[in-house]
Amino acid sequence: VQLQASGGGLVQAGDSLRLSCAASGRTFSTFAMGWFRQAPGNEREFVAAINWSGGSTTYEDSVKGRFTISRDNAKNTVYLQMNSLKSEDTAVYYCAAPMTSRLQSSNWRFASAYDFWGQGTLVTVSS
């Protein structure tokens with residue numbers, strides 16, 4: 001499985017960005033997908049996850065109401081729409097996919113539950 005993340009960049013506080021993660025190498029539509037981020041000096045943290053159909057999502061508390069995860073199974077792509085960006089959102093953002101199609105939603109926020117990772121895309125928010 002290959003994951004290619006894109007869409008990062010340098011923006012000002014209050015701006016928006018949309019990250020994309022294109023998947024290849026297996027049937028995309030049967031697996032949950034997640035977004036994580038890692039700021040300098042910090043551990044990788046959960047941002048958002050979505051189930052196979054897009055009908056169920058979950059978010060880390062600090063991004064609720066500002067970020068939206070979605071997917072287009074026809075394009076094998078998952079998105080992260082980020083609005084009202086803050087300086088504390090600055091990080092490298094990673095998309096991730098699990099090996100199993102049966103990943104329980106209760107485990108979506110754990111990095112250890114994912115087996116495949118994109119290369120990361122840098123988001124820098126200036127205040």
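These legends describe close-up views of a predicted model.

Local features need pLDDT of at least 70 and side-chain atom pairs count only at pLDDT 80 or more, while totals for chains, interfaces and linings use all residues. Residues are numbered from 1 along each chain as its sequence is written, and side-chain values use heavy atoms, with hydrogens and water left out.

View 1. Helices (H or I, at least four residues) and strands (E, at least two) are DSSP runs, numbered from the N terminus. The C-alpha trace of the protein chain spans about 40 × 25 × 25 Å along its principal axes. A compact globule of 127 residues would have a radius of gyration near 14 Å; the chain has 13 Å, which agrees. That radius is taken over C-alpha atoms, and the globule rule is 2.2 Å times the number of residues to the power 0.38. Of the 127 residues, 42% count as buried. Buried means under 20% relative accessible area, exposed over 50%, partly exposed in between (1.4 Å probe, protein chains only). Take the contacts between residues at least 6 apart in sequence: 57% of them join residues at least 24 apart. Contact here means heavy atoms within 4.5 Å.

**View 2. A disulfide joins C21 and C95.** The rule is a pair of cysteine sulfur atoms within 2.5 Å, and the count comes to one. The two sulfur atoms lie 2.1 Å apart. The link is right-handed, with 65° about the S-S bond. C21 belongs to strand 3 (residues 17–24) and C95 to strand 9 (residues 91–97), so the pair ties together parts 74 residues apart in sequence. Both C21 and C95 are buried.

**View 3. The largest nonpolar core has 28 residues.** Such a core is a set of buried Ala, Val, Leu, Ile, Met, Phe, Trp, Tyr and Cys residues joined through side-chain atoms within 4.5 Å. W35, L80, M82 and Y93 have the most contacts inside this core. Among the strands that each supply at least two of its residues are strand 1 (2–6), strand 4 (33–38), strand 8 (77–82) and strand 11 (121–126). A second, separate core has nine residues, including A49, A96, W108 and Y114.

**View 4. Four strands form an open sheet in the order 1-3-8-7.** The pairing is antiparallel. Two strands pair if DSSP finds at least two bridges between them. Strand 1 and strand 7 are the edges, each pairing on one side only. Neighbouring strands are turned by 15° against each other on average, direction ignored. Axes for these angles are lines fitted to C-alpha atoms, for helices over the stretch in contact, and angles run from 0 to 180 degrees between N-to-C directions. Six bridges link strand 3 and strand 8 in the antiparallel sense. L19 stands opposite L80 of strand 8.

**View 5. Strand 5 pairs with strand 4 and with strand 6.** Five of the six residues of strand 5 are buried, so this strand is largely enclosed by the rest of the structure. Strand 4 and strand 5 run antiparallel and are joined by five bridges. F36 has F46 of strand 5 as its bridge partner. The hairpin of strands 4 and 5 leaves six residues between them, and G41 in the turn has a positive phi of about 80°. Strand 5 also meets strand 6 (residues 57–59) through three bridges, in the antiparallel sense. There A48 stands opposite Y59 of strand 6. The hairpin of strands 5 and 6 has six residues between the strands, with G54 at a positive phi near 90°.
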